[in-house]
Amino acid sequence: VARGRSTQEPGVTVSLWEWNWPSIARECTDVLGPAGYDGVQVAPPQNSLKRTALGNGSDTVLHPWWEVYQAVSYDLTSRMGTEAQFKKMVKACRKAGVKVYVDAVINHTTGQGSTSYGGVDYQPYTYAGTYDKGDFHAPSGECPSSDGGIQDFNAKAQVWNCNLVGLEDLRTGTDDVQAELAGYLNKLIRYGVSGFRVDAAKHMPQRDLDAIYARLNRTADGVRPYWVLEVLPGGPGVLRPEAYLRSGDVLGVDGARQMQQAFKSYTGTGNVGSLSSLEVFGPEAGLTPGAKTLSFVTNHDSERNRNDYLSSQDGPTFILANQWLLAQGYGSPQVYSSFTWEQADASPPARPDGRVTDTVCGQGWTCDHRNPGIVAMVGWHDYVGKAKRANFWSDDANVVAFSKGNRGWVALNNGAAAKQVRVQTGLPGGRYCDVVGGAPSAGACTGTVVTVGSTGFATVTVPAKGVVAITRASRR
Ligand code: LM2
Ligand code: CA
């Protein structure tokens with residue numbers, strides 16, 4: 001399928017996962033726009049399962065976060081708000097210069113329950129006004145496994161046509177289902193949405209994704225919608241993320257794992273990490289090309305898997321990893337901020353009926369995208385643009401430094417102690433203000449001054465778990 005040359009690649013985005021729509025609207029206006037975020041990714045806005053009773057055994061959360069991944073209809077009444085609130089949010093964000101990207105659940109409907117946030121009731125494979133049995137693989141005899149579920153994640157007929165964890169798998173190859181899904185996505189585009197994170201894209205054949213995409217309209221900006229596919233690594237041939245690059249961008253899952261391995265802060269492992277190993281990051285390290293990748297340190301799935309990924313619970317190491325990704329500039333970096341949780345099934349702060357309450361950062365919510373050190377690096381990332389990395393230096397352990405062309409220079413220290421480095425910055429001689437620990441102000445600096453000699457060398461002390469960054473524009 002022709003994606004069209006004019007597809008808009010996002011700049012730095014933030015996933016405000018399961019924030020309600022009024023809170024996102026406010027955040028766009030008050031924080032994201034002024035901080036220079038290019039876009040916000042929002043949780044699935046379609047009507048979804050709303051549980052009425054606890055399940056068996058260890059089930060203790062009536063409205064777990066994952067209700068929203070069980071689609072019931074494409075009305076936009078959800079845990080996060082009403083259709084009117086959604087429209088208002090998109091409008092407010094666009095006005096603030098922030099594009100909105102939607103997590104699109106299009107591979108399946110529900111796997112349990114019978115009642116929804118939108119008030120529509122349903123029965124297995126029967127969603128009045130939307131789908132009936134003929135719209136699903138399993139009841140149509142098209143799933144080859146014994147119980148209708150995916151048993152073998154390496155067998156494409158199962159991965160594509162059987163039920164993922166019991167979620168009723170849509171016949172996405174049919175005209176009817178494609179029309180229904182495209183109708184939903186085009187409604188979102190009409191409301192001003194700029195693109196989609198396609199949930200469970202690995203569970204749809206490339207040709208189905210292409211057929212749905214081909215039905216989508218241009219966005220309010222006159223370009224083809226952004227289309228990033230969730231394709232977890234692993235499996236043979238057509239099931240690999242690389243095999244989906246012909247159909248869209250992909251999530252940088254392997255990159256997130258490599259960042260965890262390098263930063264390694266998971267308590268109890270005794271590992272201190274080796275940031276310098278990320279000197280090579282991208283296709284040479286087995287990752288998908290940056291121009292086709294949505295990169296991130298964590299997301300709503302990975303933050304629950306602390307053995308393999310970093311999360312906000314890793315504190316300063318997590319912040320530093322985000323700063324490193326912004327500095328490195330691989331892919332379209334996405335920062336992640338959601339609710340604070342202790343158990344894997346936890347609900348976001350919500351009313352008894354499950355509707356998510358307004359976000360209060362620090363009170364049940366973790367707002368890392370507001371961290372001044374991350375915001376500063378969003379600015380640095382955008383200022384250096386696509387300039388090539390140069391002057392790479394490392395101590396072969398946890399301190400790295402590099403420039404981006406001659407636009408800017410940065411040093412990052414994942415070690416436990418401050419470290420003094422003497423390195424080539426690639427910048428003209430002069431006095432520069434560090435933009436992370438401080439900022440330029442009226443001819444002076446509020447933070448550290450970096451003095452670059454006439455040959456481009458500078459001696460700089462990089463704080464523990466810290467960053468020093470300068471740009472051509474921070475020269476005094
Ligand atoms: C995704 N990507 O492919 C999402 O990123 C991931 O968060 C979703 O799983 C998954 N696909 C389906 O959209 C989550 C969660 C699951 C949960 C599902 C559906 O990780 O645990 O499954 O959403 O809500 C839950 C129960 C599971 C049950 C299933 C169906 O945890 O035990 O399976 O509902 O009733 C019997
Ligand atoms: Ca499927």
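How many disulfides does this structure have by the rule used here? The count comes to four, where a disulfide is a pair of cysteine sulfur atoms within 2.5 Å.

## About the model

Welcome to a predicted model, in which local features need pLDDT of at least 70, side-chain atom pairs count only at pLDDT 80 or more, and totals for chains, interfaces and linings use all residues. Residues are numbered from 1 along each chain as its sequence is written, chains are lettered from A and ligands numbered from 1 in the order in which they are written, and side-chain values use heavy atoms, with hydrogens and water left out.

## The disulfides

Counting bonded cysteines along the chain, the disulfides follow the pattern 1-2, 3-4, 5-6, 7-8. Let's start with cysteine 28 and cysteine 93, whose sulfur atoms are 2.0 Å apart. The torsion about their S-S bond is about 85°, so this disulfide is right-handed. The pair links distant parts of the chain, 65 residues apart: cysteine 28 belongs to helix H1 (residues 21-35) and cysteine 93 to helix H2 (residues 83-95). Helices (H or I, at least four residues) and strands (E, at least two) are DSSP runs, numbered from the N terminus. Both cysteine 28 and cysteine 93 are buried; that word means under 20% relative accessible area, while exposed means over 50% and partly exposed lies in between (1.4 Å probe, protein chains only).

Next come cysteine 361 and cysteine 367, joined with an S to S distance of 2.0 Å. Their link is left-handed, with -90° about the S-S bond. Cysteine 361 is partly exposed at 26% relative accessible area, whereas cysteine 367 counts as buried at 13%.

Cysteine 433 and cysteine 445 also form a disulfide, with sulfur atoms 2.0 Å apart. Here the torsion is about -85°, so the disulfide is left-handed. Cysteine 433 sits in strand E15 (residues 430-433) and cysteine 445 in strand E17 (residues 444-445), so the pair ties together parts 12 residues apart in sequence. Cysteine 433 is buried, with a relative accessible area of 0%, and cysteine 445 is partly exposed at 22%.

Tryptophan 160 and aspartate 169 are both buried.
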